[in-house]
Amino acid sequence: MNRAQILSSARTLYRWAKEHEKPDEDRESGFQDRDRDQIVDKLVQIERRYLPDIDRKLFEAALAEYRRPDIKDRDTAFETALDQIGLDRLYADTKLADTATRLGWLGKPATAFEASDDPFIKLAVALYPGDIAAQRAAKDRAGRTQAARATYMQGLSAYRQAIGRPVYPDANGSLRITWGKVTGRARDGQIWTPFTTAEGLLAKHTGQAEFDAPDAAVAAIRARDYGPYVAPALGTLPVDFMSTVDITNGNSGSATLNARGELVGLVFDGTLEGVIADWAPDADRNRSIHVESRFMLWTMDKIDGAGRLLKEMGVQPTTRP
């Protein structure tokens, strides 16, 4: 049902209200006071991709899937509320498509939601009991599955030991290695060099959003205060580099080693054209993005004053901590 973005936000808002009837430490993860900023971001992001006509088509497709199981396995309270409201009114009468209105509901008591005439809020209230029941069932199932898994692994280990064979390691707990080459890419008249530099960071600095570099970093770059962290081949401080290594979701923060086994960076993202690499890898198209180790050390040294950490890492800082 969360394919309908406004319904998803209404469910989140009502769940927030219900969880805040409890002390903070008793609330579900994701709905504690520390999670408020993330909830706000989630509610705001909708405005960047919400189109009522498209959202309705996605919701209708979701409803078609939802109605495949037998009626006894579906949420009758939700279906009754939806039948009473109707899809036309659902999208025509809601005020939650407005960002300020959505955010205005954050922090209102549950009773306000239960008295609301907004059709999406009505659906969220109708869905809530089923949502809670499903969550409890999922937690119970997860607990029983984990207990069963432990019993199964004990039996498997005993069996393997009895026949003199090892138990294969769980791939999710083992080291995985991928390899590639540091290289840039050209596309549609654009040329992406293998490395970005501190000067490029300064060129993009606007003081707004993700282009708001720390004042200390801006000053150091303008003064070309790079210390020993200059890359000789570039003649300046490297920031990021691209490579053809194969990554996927969850790889962010993975160590990048050179051919000598030295830590040279941390991979953290991929280019947009490489998103499909999980299904169709293409070395000419795919590029992973790594933060350069010298930039990390420079930031710790010149910007954050983390001299003690550098010393623990065996690096002699050039500035006082």
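Phe-195 stands opposite Phe-241 in β4. This is a predicted model: local features need pLDDT of at least 70, side-chain atom pairs count only at pLDDT 80 or more, and totals for chains, interfaces and linings use all residues. Residues are numbered from 1 along each chain as its sequence is written, and side-chain values use heavy atoms, without hydrogens and water. Helices (H or I, at least four residues) and strands (E, at least two) are DSSP runs, numbered from the N terminus.

**Sheet**
- β3 and β4 (residues 238-243) pair in the antiparallel sense over two bridges; pairing requires that DSSP finds at least two bridges between two strands.
- The open sheet has five strands in the order β3-β4-β7-β6-β5, with antiparallel pairing.
- β3 (195-197) and β5 (254-257) are the edge strands, each pairing on one side only.
- From one strand to the next, the twist averages 35° (axes are lines fitted to C-alpha atoms, for helices over the stretch in contact; angles run from 0 to 180 degrees between N-to-C directions).
- Helix α11 (residues 293-303) packs on the sheet and touches β4, β6 (263-270) and β7 (288-292); contact means heavy atoms within 4.5 Å.
- The direction of α11 makes about 40° with that of β7.

**Nonpolar cores**
- A nonpolar core is a set of buried Ala, Val, Leu, Ile, Met, Phe, Trp, Tyr and Cys residues joined through side-chain atoms within 4.5 Å.
- Buried means under 20% relative accessible area, exposed over 50%, and partly exposed in between (1.4 Å probe, protein chains only).
- The largest core holds 37 residues; Phe-59, Phe-78, Leu-82, Leu-90, Phe-120 and Leu-123 touch the most other members.
- Helices supplying at least two residues each include α1 (5-19), α3 (52-66) and α8 (119-162).
- α8 gives the largest share, eight residues.
- Leaving aside residues up to four places away in sequence, Phe-78 touches Met-1, Phe-59, Leu-63, Tyr-66, Leu-123, Ala-126 and Leu-127.
- A second, separate core of 16 residues includes Tyr-229, Val-239, Val-291 and Trp-298.

**Salt bridges**
- A salt bridge is a side-chain nitrogen of Lys or Arg within 4 Å of a carboxyl oxygen of Asp or Glu; the count is 21.
- Lys-22 bridges to Glu-19, with the closest N and O atoms 2.8 Å apart.
- Lys-22 is partly exposed at 33%, whereas Glu-19 is buried at 2%.
- Arg-15, Glu-19 and Lys-22 are linked in a salt-bridge network.
- Asp-24 bridges to Arg-27, again with closest N and O atoms 2.8 Å apart.
- Asp-24 is partly exposed at 26%; Arg-27 is buried at 12%.
- Arg-56 and Glu-60 form a salt bridge at 3.1 Å between the closest N and O atoms, and both lie in α3, four residues apart, about one turn of the helix.
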